[in-house]
Amino acid sequence: MSLENRIGVFGGSFNPVHNGHIIIAIRALEELELDRLYIVPTYLPPHKREVNLAPYELRKKWLEKCFEGTGKIVISDYEKERGGISYSLFTIRYFSQKHSCRPYLIVGEDSYRALESWYEYRTLLKESRLAVYPRSCNEKPSQLVEGVVFLKAPMIELSSTEIRKRARSKRSLLGMVPGSIIGEVEKTYV
């Protein structure tokens, strides 16, 4: 397996995608010197049974609009095509085989702290290289996993949950989601 192909996988519900996701994707692409970064919207999230989950096709369309023209960033349909619950291990294996490499898996610090609850997390750690972006957790975990990269990205105090709440209460989303999707996001979560 080659380490020369520098591939990243950034998955999530993106319900909705927001400016924090975009900043993280760009920082990961640059800092990890990736040849390609796949943005993979979950089809059926294993950890989040979101009542307010926007339809998959809409979330994918928003991602395509937000990352249009970025070149090395590709929006992937893999988890929809695969069907069933979206486990990161299956997604990593797919891209590993596709590119003959050990891809980076980009996750938030909150997800990293809950890694032990993930499906076959030990295998996932062997088959991917973890890149963690900072969230509102104030200190590094006491038990660091060998080989994990902590991205030097700004702490972004945005969450899809907060954006959905703001949309429901008809508060402004300006500066939180890209202008190209703001109207659709507001209508979707009212």
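A residue is called buried when its relative accessible area is under 20%, exposed when that area is over 50%, and partly exposed in between, using a 1.4 Å probe and protein chains only. This is a predicted model, in which local features need pLDDT of at least 70 and side-chain atom pairs count only at pLDDT 80 or more, while totals for chains, interfaces and linings use all residues. Residues are numbered from 1 along each chain as its sequence is written, and side-chain values use heavy atoms, with hydrogens and water left out.

View 1. Most residues other than glycine have a negative phi, and most peptide bonds are trans. Glu33 counts as exposed because its relative accessibility is 56%.

**View 2. The peptide bond from Asn15 to Pro16 is cis.** The omega angle of this bond is near 5 degrees, and Pro16 lies in the loop between β1 (7–12) and α1 (19–31).

**View 3. Parallel strands form an open sheet.** The six strands follow the order β3-β2-β1-β4-β5-β6, where two strands pair if DSSP finds at least two bridges between them. The edge strands are β3 (73–75) and β6 (149–150), each of which pairs on one side only. Strand β4 (residues 104–108) is joined to strand β5 (residues 129–133) by five bridges, and Leu105 has Leu130 as its bridge partner in β5.

**View 4. Tyr87 and Tyr119 form a stacked aromatic pair.** The structure holds twelve aromatic pairs. In the pair of Tyr87 and Tyr119, the rings lie 4.3 Å apart, centre to centre, with 25 degrees between the planes. This pair links distant parts of the chain, 32 residues apart, with Tyr87 in the loop between α3 (78–82) and α4 (88–99) and Tyr119 in the loop between α5 (109–113) and α6 (121–127). Rings of Phe, Tyr and Trp (its six-membered ring) pair if their centres lie within 6.5 Å, and planes under 30 degrees apart count as stacked, over 60 as edge-to-face and the rest as tilted. Tyr87 counts as partly exposed at 25% relative accessibility, and Tyr119 is partly exposed with a relative accessible area of 31%. Elsewhere, ring pairs link Tyr38, Tyr78, Tyr94 and Phe95 into a cluster.

**View 5. The buried residues of α7 line one face of the helix.** The buried residues of α7 are Ser160, Ile163, Arg164, Arg166 and Ala167. Seen down the axis of α7, these residues fall within an arc of 160 degrees, so they line one face of the helix; the arc is that of the directions from the helix axis to the C-beta atoms. Among the elements that cover them are α1 and α8, where contact means heavy atoms within 4.5 Å.

Conventions
Helices (H or I, at least four residues) and strands (E, at least two) are DSSP runs, numbered from the N terminus.
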